[in-house]
Amino acid sequence: MRTDSSPGSLPAREHLPAAGAGTPVLDIVVPVYNEEKDLGPCVRRLHEHLDRTFPYAFRITVADNASTDGTPQVAARLAADLAAVRSVRLERKGRGRALRTVWSASDAPVLAYMDVDLSTDLNALLPLVAPLISGHSDLAIGSRLARSSRVVRGAKREFISRTYNLILRGSLQARFSDAQCGFKAIRRDVAQVLLPLVEDTGWFFDTEMLVLAERAGCRIHEVPVDWVDDPDSTVHIVRTATEDLKGVWRVGRALATGSLPLDRLARPFGDDPRDRDLTGVPQGLARQLVGFCVVGALSTLFYLLLYSGFRHFAGSQPANALALLVSAVANTAANRRLTFGVRGRGGAVRHQAQGLVVFGIGLALTSGSLAALSAATAHPDHSTELAVLIAANLAATVLRFLLFRAWVFPDAPPTTHTPDPHLPDPHLPDPHRTWSDAR
């Protein structure tokens, strides 16, 4: 992964004002390779749509990926006939390379791209870029997998697309729904910071950019689209899928090892309400509750599985104690890292010791409930035992969270943003900052 860049921090989001004469607000890149047949009609259709419906100045950039047919000549004629169209020639193939080259050199504050076949209905274009122009979002993507999308394509492509996005969710914890739709936009100030970190130059470029943007805290807006598959597409599905899986492995490894400087981009904007100093609002409480509940649910399932396993060769009380002990150690470690954000080994032994005290309280509650059940029924069913243990664990969970927050991890790192002393405070206005700087 690229680690040689020092991207710095991003400015606060602002609504983009109308640009001056001759300066486009939107630059749409159409990457092409050997598309002499479709390029002309598609670009003219796109130009006509923008000229009729788009309220800002725009530009269409045809990025020729080393075509060997008459595509360069067609692109040159389009640029000569239409003032809002230009042509860029690259001598090396790669959609990601084309997008990086054009976006890096563009002067438009909003950058977008779409496939030359115009499979996506153009009525989604304005909803795609509007959140970027308004300052609400940082990137925008068309989604063919949203519930309200209307898609016409074969079962093979549908299966591959959904499988790929499931892989992204499971391996890279991606929350966006459609990484491969050829219909995306990004603010130029965000692109200037993210693009130096994106290594791929082919089809995985989109996915890598979105994963890094999401990990950096950028807001990604999704637009349901109407999409019709192009039966004449020249994309090699097997080769592309293989390269994408290699990219997933590379990015996942880089994120796991911390070789990407994403900490420089975390919480990049100064308009995040979570960064404000609010009185009367417990800092981090909501996030800690969510994390504790998730860890607690998994720990309870782990505990029940252990109890059921130990119960085969031990009585109910020994099985309960062993299951609680093992799950308590795992629960304390998970809450230490995931819920309360404690990193490193410092204090780990003390935290585990305090966690065992909390475990003792849970043991007393659950053992007491089992003792009460045994006193009431000589031979209780296994399902009844589990039900009683679940109820006892729910009671112990509330007390466990309060003890973790007030006693075990009282000095957990704050969730509020600490400004870098070497960077300007994004909350304060910069008297020297102009619109040209923001772009």
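## A network of salt bridges

Asp-27, Arg-59, Arg-86 and Asp-107 are linked in a network of salt bridges, a salt bridge being a side-chain nitrogen of Lys or Arg within 4 Å of a carboxyl oxygen of Asp or Glu. The model is predicted, so that local features need pLDDT of at least 70 and side-chain atom pairs count only at pLDDT 80 or more, while totals for chains, interfaces and linings use all residues. Residues are numbered from 1 along each chain as its sequence is written, and side-chain values use heavy atoms, with hydrogens and water left out.

By the salt-bridge rule the count comes to 19. In one of them, the side chains of Arg-86 and Asp-27 meet at 3.6 Å, N to O; this pair links distant parts of the chain, with Arg-86 in strand β3 (residues 85-90) and Asp-27 in strand β1, 59 residues apart. Asp-27 is buried, with a relative accessible area of 0%, whereas Arg-86 is partly exposed at 29%; here buried means under 20% relative accessible area, exposed over 50%, and partly exposed in between (1.4 Å probe, protein chains only). Helices (H or I, at least four residues) and strands (E, at least two) are DSSP runs, numbered from the N terminus.

## Two further salt bridges

The side chains of Asp-107 and Arg-59 meet in a salt bridge of 3.0 Å, N to O. Asp-107 lies in the loop between α3 (95-105) and β4, and Arg-59 in strand β2, so the pair ties together parts that are 48 residues apart in sequence. Arg-59 is buried, with a relative accessible area of 15%, whereas Asp-107 is partly exposed, with a value of 33%.

A salt bridge also joins the side chains of Arg-95 and Asp-115 (3.8 Å, N to O), linking distant parts of the chain, since Arg-95 is in helix α3 and Asp-115 in the loop between β4 and α4 (125-134), 20 residues apart. Arg-95 is buried at 7% relative accessible area, while Asp-115, at 24% relative accessibility, counts as partly exposed.

Seven of the seven residues of strand β1 (residues 26-32) are buried, so the strand is largely enclosed by the rest of the structure. In a regular strand the side chains alternate between the two faces of the sheet. In β1, Leu-26, Ile-28, Val-30 and Val-32 point one way and Asp-27, Val-29 and Pro-31 the other way, and all are buried.

Strands count as paired if DSSP finds at least two bridges between them. β1 pairs in the parallel sense with strand β2 (residues 58-65) over seven bridges, and Leu-26 stands opposite Phe-58 in β2. The chain crosses from β1 through helix α1 (residues 39-53) to β2 in a right-handed β-α-β crossover, meaning that, with the strands pointing away from the viewer, the path from the first strand over the helix to the second runs clockwise. β1 also pairs in the parallel sense with strand β4 (residues 110-114), over four bridges, and there the bridge partner of Val-29 is Tyr-113.

## A nonpolar surface patch

Phe-302, Leu-325, Val-326, Val-329 and Leu-356 make a nonpolar surface patch of about 360 Å². Patches are made of residues with over 30% relative accessible area and no salt bridge, with like charges joined within 9 Å and nonpolar side chains (Val, Leu, Ile, Met, Phe, Trp, Tyr) within 5 Å; accessible areas come from the Shrake-Rupley method with a 1.4 Å probe, and for residues only the protein chains shown count as cover. Helix α10 (residues 316-339) gives the most to the patch, with three residues. Val-326 lies in helix α10 and is partly exposed, with a relative accessible area of 37%.
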